[in-house]
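Take a look at the model below.

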Amino acid sequence: MAHDFDLIVIGGGSGGLAGAFRAAEHGARVALLEPSALGGTCVNMGCVPKKAMWHAADLASRLRNAGALGFESASVALDWPTFIAHRQRYIEGIHASYRRRLEATGISLLPMRARFAGPDRVECTDGVQLSAPHILIATGGQPFTPPLPGAELGETSDDFFRWTAAPERVAVVGGGYIGVELAGVLQLLGSQVDLLIRGPRMLEHFEAELTDQLAEDYRHAGVRLHFDTRLDALEQATHGIRAVTTPALDRAVFDRVLFATGRRPNTADLGLESAGLVPDARGRIKVDPRHCTAVPGIYAVGDVTADTALTPVAIAAARRLMDRVFGGRTDNELDLGMVPTVVFAHPPLGTVGLTEAQARQVYGDAVHVARAGFRPMIHALADVPLRSLFKLVCAGPERRVVGLHLLGEGADEILQGFAVAIRKGVTLDDLRDTIAIHPTSAEEVVLMR
Ligand SMILES: Cc1cc2nc3c(=O)[nH]c(=O)nc-3n(C[C@H](O)[C@H](O)[C@H](O)COP(=O)(O)OP(=O)(O)OC[C@H]3O[C@@H](n4cnc5c(N)ncnc54)[C@H](O)[C@@H]3O)c2cc1C
Ligand SMILES: NC(=O)c1ccc[n+]([C@@H]2O[C@H](COP(=O)([O-])OP(=O)(O)OC[C@H]3O[C@@H](n4cnc5c(N)ncnc54)[C@H](O)[C@@H]3O)[C@@H](O)[C@H]2O)c1
């Protein structure tokens with residue numbers, strides 16, 4: 001039977017766009033279905049607007065320090081509408097560049113939601129059915145709000161990107177990436193932030209020494225941290241929203257409450273049963289290491305799968321897949337063993353590879369740890385007590401680096417290059433044989449004892 005297209009991509013976010021472009025480069029006839037803004041979560045409600053807000057908060061903090069160093073004090077109060085206009089103009093530029101590329105590569109963009117109508121066909125919102133021998137599911141995820149009484153009084157990261165001012169009092173619920181990132185932004189932009197974390201630590205999968213120090217940095221910035229604190233309900237109070245917690249908070253009324261309690265895959269309304277697909281217990285599409293589902297010709301990448309929910313992971317998976325399906329490559333399973341990642345906290349926290357505890361589980365006593373704690377020059381000059389903490393985890397007799405963890409000024413930019421070296425098997429001696437760049441924070445990685 002003749003098909004309408006060679007490939008149908010459901011979802012025009014990080015993974016879907018990358019897959020569509022790569023397949024079209026290999027000569028495939030591609031239809032891309034995306035009912036919302038091009039670029040998905042990352043461009044519209046995630047990485048990009050979040051990093052813009054991180055820059056705003058970072059600038060506010062630098063302006064404060066500049067005052068301490070003798071610069072005539074500039075106002076650190078942010079006019080949100082002005083900043084948001086710049087942020088959204090930047091995002092519109094990304095949309096325009098995607099549209100140009102879609103036109104240039106001949107991809108058919110259909111601004112519609114899709115659901116499966118069979119293993120090789122989808123039905124669009126207008127009722128039209130399209131068929132293809134290959135279908136890529138890249139529908140991403142959405143914020144999850146715990147089902148507790150009064151939850152509807154709270155908001156999520158999607159709502160945060162519509163805010164036009166810093167609330168005076170805000171409770172952020174959740175100690176993962178989004179909770180820590182948005183708590184940092186809001187505190188530096190003038191809110192009083194209470195961060196509610198149900199466990200004993202924030203960022204529980206990261207290196208504990210560094211997250212403990214980050215917690216200290218947040219306290220110093222004025223964030224009130226509440227560990228081992230469970231949110232039981234939200235209630236409308238006369239002058240705000242009351243957070244009912246165990247144990248109870250001293251000051252429990254807030255102007256806004258922001259849930260950062262994880263995300264769930266967008267699979268509920270996809271008609272998976274028509275394609276013969278059964279999601280896992282958490283609603284995610286099950287794929288093998290090559291991103292194939294159990295149904296031949298149907299694939300999935302990105303946040304809709306159990307892969308690490310990061311944009312570059314979704315992009316890399318989609319490109320690999322399309323190189324195999326349409327480009328004739330056979331060698332390529334994606335290696336997701338050493339994924340570098342940064343939490344855009346204040347200061348940023350970067351990590352690649354194993355934590356010390358994970359390395360000890362794998363390598364036992366054959367683990368060697370080096371660390372450097374120091375105050376970056378800019379903080380020392382302004383007499384700000386923020387310190388950086390870098391930690392290297394090495395294993396085996398050759399002391400191969402199996403983990404690098406960086407907390408501090410510039411950590412977000414320093415990590416990428418070292419991630420390449422670590423992937424290539426760099427040892428502690430290789431680092432020590434490398435001449436330092438002075439005076440920088442990065443030099444501490446090659447000088448660590
Ligand atoms: C606040 C926040 C900050 C983040 N910051 C970072 C960061 O700094 N760095 C990083 O690497 N990652 C970050 N992430 C994670 C990153 O955004 C995601 O991992 C990434 O966007 C996943 O890409 P995806 O293609 O799987 O899904 P998405 O980008 O979510 O795209 C899915 C698309 O599918 C569409 N869709 C859904 N259902 C249908 C349907 N039935 N038919 C057609 N289309 C459909 C949606 O409209 C959406 O556009 C952040 C996420 C959030 C929420
Ligand atoms: N800088 C980045 O690269 C970046 C930034 C933001 C998000 N992301 C990606 O998006 C994903 C989603 O981010 P996220 O912060 O929503 O998820 P997350 O998994 O990182 O954190 C969720 C947090 O909420 C807590 N939680 C869950 N249910 C709860 C409940 N009922 N009550 C209280 N706390 C609860 C969890 O313990 C956890 O600490 C991340 O895992 C990450 O992969 C990446």
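The shell around ligand 1 divides into 16 nonpolar, 16 polar and four charged residues. This is a predicted model. There are 36 residues around the ligand, and Gly11, Gly13, Gly40, Gly140 and Gly302 come nearest.

Which helices supply at least two residues each of the shell around ligand 1? They are H1, H2 (40-45), H3 (47-68) and H9. H2 gives the largest share, with four residues.

H1 covers residues 14-25, and H9 covers residues 311-325. Their axes come within 8 Å and cross at roughly 30 degrees. Angles under 35 degrees count as roughly parallel, so H1 is roughly parallel to H9. The crossing is right-handed.

The contact can be read residue by residue. H1 brings Ser14, Gly15, Ala18, Gly19, Arg22 and Ala23. H9 brings Thr311, Ala314, Ile315, Ala317, Ala318, Arg319, Leu321, Met322 and Asp323. Together the residues of this contact divide into eight nonpolar, four polar and three charged.

Now step back to the whole chain. The domain assignment gives domain 1 as 7-143 plus 265-325, domain 2 as 151-261 and domain 3 as 347-447. Taken over C-alpha atoms, the centres of domain 2 and domain 3 are separated by 29 Å. Eight residues from domain 2 and eleven residues from domain 3 make the contact between them. On the side of domain 2 that touches domain 3, three residues are nonpolar, two are polar and three are charged.

How values were computed
Residues are numbered from 1 along each chain as its sequence is written. Chains are lettered from A and ligands numbered from 1 in the order in which they are written. This is a predicted model: local features need pLDDT of at least 70, side-chain atom pairs count only at pLDDT 80 or more; totals for chains, interfaces and linings use all residues. Domain bounds come from an automatic or database domain assignment. Two residues are in contact if their C-beta atoms, placed from the backbone, lie within 7 Å. Ala, Val, Leu, Ile, Met, Phe, Trp, Tyr, Cys and Pro count as nonpolar, Asp, Glu, Lys and Arg as charged, and the others, Gly among them, as polar. Axes are lines fitted to C-alpha atoms, for helices over the stretch in contact, and angles run from 0 to 180 degrees between N-to-C directions. Angles under 35 degrees count as roughly parallel, over 145 as roughly antiparallel, 65 to 115 as roughly perpendicular and the rest as oblique. A crossing is left-handed if the near helix is turned anticlockwise from the far one by less than a right angle, and right-handed if clockwise. A residue is near a molecule or strand if its C-beta atom, placed from the backbone, lies within 6 Å of it.
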